[in-house]
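Open the model in your viewer and keep the sequence panel handy. We will go from one selection to the next.

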Amino acid sequence: MRNPAWYMLACTLALPCAHAEARVVGAGEVNGTWIADSGEIKVWALGRQRLKVEYSGTYESGGIANTGEARGIAYIAEDTAIFEPPGTRDCRITMRFARTRLDVTQAGECGFGLNVTAEGTYRKKSRSKPRFTD
């Protein structure tokens with residue numbers, strides 16, 4: 001698994017971080033199930049700046065649905081987690097926890113179905129420990 005050490009190193013060396021107004025978030029803010037119109041992200045803090053993450057998304061058009069899934073470990077620094085699903089090539093899902101929402105961006109090839117993306121704004125559906133598929 002790739003570790004986004006570049007992000008943590010940049011922030012610890014007092015270089016400009018991705019989000020100047022970043023704040024440290026706790027497990028209570030990140031844990032749970034987050035939903036958007038086209039997907040769901042389950043998150044559970046494991047300690048040592050690691051999060052268990054599971055993404056499931058769909059894209060529907062003309063009666064046809066495409067799907068995509070990813071699961072693995074994300075690394076969090078302050079309010080931003082980087083998730084690089086195992087088995088993907090150059091896929092990076094960035095999750096920024098902003099109090100009442102989760103802002104997600106996606107870069108690279110993640111191997112999801114046509115037009116399926118994790119990108120978007122999610123709201124918390126549940127604070128309970130999610131049921132992961134593994």
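Which residue takes a positive phi in the hairpin of β3 and β4? Select G62: its phi is near 60 degrees, and two residues lie between the two strands of this hairpin. Before going on, note that this is a predicted model, in which local features need pLDDT of at least 70 and side-chain atom pairs count only at pLDDT 80 or more, while totals for chains, interfaces and linings use all residues. Residues are numbered from 1 along each chain as its sequence is written, and side-chain values use heavy atoms, with hydrogens and water left out.

Now colour residues 50-61, strand β3, and residues 64-77, strand β4. They pair in the antiparallel sense over twelve bridges (strands are DSSP runs of E, at least two residues, numbered from the N terminus; two strands pair if DSSP finds at least two bridges between them). To see one point of this pairing, pick R50 and look across to Y75 in β4.

Click I41 and then its bridge partner in β3, Y55. Between β2 and β3 is another two-residue hairpin turn, where R48 has a positive phi of about 55 degrees.

On the β4 side, select strand β5, residues 80-83, joined to β4 by four antiparallel bridges. Here I76 stands opposite A81.

Finally, show every strand. Eight of them close into a barrel, in the order β1-β2-β3-β4-β5-β6-β7-β8, with antiparallel pairing. Neighbouring strands of this sheet are turned by 30 degrees against each other on average, direction ignored (axes are lines fitted to C-alpha atoms, and angles run from 0 to 180 degrees between N-to-C directions).
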